[in-house]
Amino acid sequence: MKVSYFPGCTLRTKAKQLDFYARACAEKLGVELVEIENWQCCGGVFVTAKDEIASKLASVRALKAANERDEILVTVCSACHNVIKQTNNAMLTDGEFADKVNRYMSQDSNFTGDYHGETKVMHYMELLRDVVGFDKIKQSVVKPLTGRKIAAYYGCLLLRPGKVMAFDDVENPSVMEDFIRALGATPVVYPMRNECCGGYVALEDPESAAKKSSAVASSALSHGAEIAVTACPLCKYNLEKNSGDIPVVYFTELLAEALGIKEEDNNAE
């Protein structure tokens, strides 16, 4: 099957592995990620002010492009996913906001009509769970991660706001642990797995960011984790910078390893 794909800016620079392995693994699992043409930065954060539309236009254009192809829009970066899904919800539920956005976009040279939140937005992890299925992933594993104790780090953006993201249970999520089990590893459940790492205040308050990320890492380590896995480039950066005691990897890298893709990539080098 084909799905529309929004990679996002960071996956072109600091998070190339997140993108590379996402594409390779999807192909192996029978899904083609078709990159949206002429996409732009999602804005990096969802601004809640109702009269602020400029930073949301890139997300709406990506959503509209997927809708015109009658495809799901898949994201893999937690920040991009949060911005795009919240923007889509605003277009679907806030008529005044949608009207302002559509009037602005009607000035585009390639304008093809209004958009009102029709596109289904899925995070790559949801694609694995709800479309591919963890059972199929388990069957596709050629190099099971047996014996590995892995801590899933959700952070803030995948889960909140809960009613809009509808990703998993906000207080007690399980999708990433189920994913880890499908790869043959042992998930480590720990108290700080869905707490903020402090990434968004890293520049203005580095001390606070360091304290928050260190608390996350310490919590995972104290419950026996050997490695942490995340879907957010900002979380990965912040955890690595402030708590070097536990390795942090992208979930697509683990998937690639279990499917034998990472080994193939290393052999090619």
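Predicted model: local features only at pLDDT ≥ 70, side-chain atom pairs only at ≥ 80, totals over all residues.
The buried residues of helix H8 (175-182) pack against quite a list of neighbours: H5, helix H6 (134-140), S5, strand S6 (186-188), strand S7 (227-230) and H11.

**Around H8**

How many of the residues of H8 are buried? Six of its eight are, so this helix is mostly covered, buried here meaning under 20% relative accessible area. The buried ones are Val-175, Met-176, Glu-177, Phe-179, Ile-180 and Ala-182. After H8 comes Gly-184, with a positive phi near 95 degrees.

**Over to H5**

One of the elements that the buried residues of H8 pack against is H5, which runs over residues 124-132. H5 has buried residues of its own: Tyr-124, Met-125, Glu-126, Leu-127, Leu-128 and Val-132. H5 is followed by a glycine with positive phi too, in this case Gly-133, near 95 degrees.

Glu-126 deserves a stop. This residue sits in H5 and has a relative accessible area of 5%, so Glu-126 counts as buried. What does Glu-126 touch, leaving aside its neighbours within four places in sequence? The contacts are His-81, Lys-85, Val-121, Val-131, Met-165, Ala-166 and Phe-167.

H5 also packs with helix H11, residues 251-258. Their axes are 11 Å apart and the angle is about 45 degrees. Because of that angle, H5 is oblique to H11. On the H5 side, Tyr-124, Met-125 and Leu-128 take part in the meeting; on the H11 side, the partners are Phe-251, Thr-252 and Leu-255. Tyr-124, Met-125 and Leu-128 are also among the buried residues of H5.

Now for a few spots where the backbone does something worth a look. The peptide bond from Arg-160 to Pro-161 is cis, and its omega is near -5 degrees. Pro-161 belongs to the loop between strand S5 (149-152) and helix H7 (162-165).

Ala-166 is not a glycine, yet its phi is positive, near 45 degrees. Is Ala-166 buried or exposed? With a relative accessible area of 51%, Ala-166 is exposed. Ala-166 is also one of the residues in contact with Glu-126.

Asp-70 is another non-glycine residue with a positive phi, about 55 degrees. Look for Asp-70 in the loop between helix H2 (57-68) and strand S3 (73-75). Its relative accessible area is 72%, so Asp-70 counts as exposed.

**Salt bridges**

How many salt bridges does a search of the whole structure find? The count is 17. Here are three of them, with the N to O distance for each pair.

| Pair | N to O distance |
|---|---|
| Arg-12 and Glu-35 | 2.6 Å |
| Lys-56 and Glu-52 | 3.5 Å |
| Lys-262 and Glu-253 | 2.6 Å |

Take the salt bridge between Arg-12 and Glu-35. Arg-12 lies in the loop between strand S1 (2-6) and helix H1 (16-28), and Glu-35 in strand S2 (residues 32-35), so the pair ties together parts that are 23 residues apart in sequence. Arg-12 is partly exposed at 36% relative accessibility, and Glu-35 is partly exposed as well, at 26%. The story goes beyond this pair: Arg-12, Asp-19, Arg-23 and Glu-35 are linked in a network of salt bridges.

In the pair of Lys-56 and Glu-52, Lys-56 is buried, with 2% relative accessibility, whereas Glu-52 is partly exposed at 22%. As for the salt bridge of Lys-262 with Glu-253, Glu-253 counts as buried at 11% relative accessibility.

**A nonpolar patch**

Last stop, the surface. Which residues make the nonpolar surface patch of about 450 Å²? They are Val-45, Val-47, Tyr-200, Leu-234 and Tyr-237. Leu-234 is in helix H10, which spans residues 233-242. At 32% relative accessibility, Leu-234 is partly exposed; a patch residue needs over 30%, so Leu-234 qualifies on that score.

Key
Residues numbered from 1 in each chain as written. Heavy atoms only, no water. Patch = residues over 30% accessible without salt bridge, like charges linked within 9 Å, V, L, I, M, F, W, Y side chains within 5 Å. Areas by Shrake-Rupley, 256 points an atom, 1.4 Å probe, with all protein chains shown as cover. Salt bridge = Lys/Arg side-chain N within 4 Å of Asp/Glu carboxyl O. Helix = DSSP H or I, 4+ residues; strand = E, 2+ residues; numbered from the N terminus. Buried < 20%, exposed > 50% of the residue type's maximum accessible area, 1.4 Å probe, protein only. Contact = heavy atoms within 4.5 Å. Axes fitted to C-alpha atoms, helices over the stretch in contact; angles between N-to-C directions. Parallel < 35°, antiparallel > 145°, perpendicular 65-115°, else oblique.
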